[in-house]
Amino acid sequence: MKKMSDEALKGMSDSELRATARRLETAAGKQKRGTEATRGLEEEICYIQRELELRHRFGQMRTATESHNNKNVLEFEQA
C-alpha cells in the first residue's frame with residue numbers, strides 16, 4: 001500500500017482522516033480473516049490517528065503549508 005505523506009495528512013480535514021482510518025481498519029480486519037499480512041495498513045492507521053491526536057491536543061489545524069523551518073514546529077517533528 002502506498003503511504004500517505006505527512007503533507008497529505010495535514011491537508012485532510014478531521015472527518016476525512018476519520019473516514020480514511022475507518023476504511024483502512026475495515027480492510028485490515030478483512031485481511032486478518034483471510035490470513036493476509038496487515039502491517040502496512042496498521043502503520044497507516046497509526047499515522048492517521050497520530051495526526052488526529054496532535055490536532056486535538058494542540059487545538060489547531062495543522063496545514064500542509066507549514067514549513068519545516070517554522071519556529072512553531074514541534075521538536076519531535078524536526079527530523
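Analyst: A polar contact is a pair of N or O atoms within 3.5 Å, where one must be able to donate a hydrogen and the other to accept it. The model is predicted, and the part examined here is helix 3 (39-58).

Helix 3 has 20 residues and spans 28 Å from its first C-alpha to its last, close to the 28 Å expected at 1.5 Å a residue. Its buried residues are Leu41, Glu44, Ile45, Ile48, Glu51, Leu52, Leu54 and Arg55. Helix 1 (6-11) and helix 2 are among what covers them.

Arg55 belongs to helix 3. Because its relative accessibility is 5%, under the 20% cut-off, Arg55 counts as buried. Its side chain reaches two backbone oxygens: that of Leu9 at 3.0 Å and that of Met12 at 2.7 Å.

Leu9 and Met12 are also members of the largest nonpolar core, which has 10 residues. Leu41, Ile45, Ile48 and Leu52 belong to this core as well, along with Leu17, Ala21, Leu24 and Ala28. Helix 2 (14-33) and helix 3 are the elements that give two or more residues to it. In soluble globular proteins, nonpolar side chains tend to be buried together.

Thr20 counts as buried because its relative accessibility is 10%.

Definitions and conventions
Residues numbered from 1 in each chain as written. Predicted model: local features only at pLDDT ≥ 70, side-chain atom pairs only at ≥ 80, totals over all residues. Heavy atoms only, no water. Core = buried A, V, L, I, M, F, W, Y, C linked by side-chain atoms within 4.5 Å. Buried < 20%, exposed > 50% of the residue type's maximum accessible area, 1.4 Å probe, protein only. Helix = DSSP H or I, 4+ residues; strand = E, 2+ residues; numbered from the N terminus. Expected span 1.5 Å × (residues − 1). Contact = heavy atoms within 4.5 Å.
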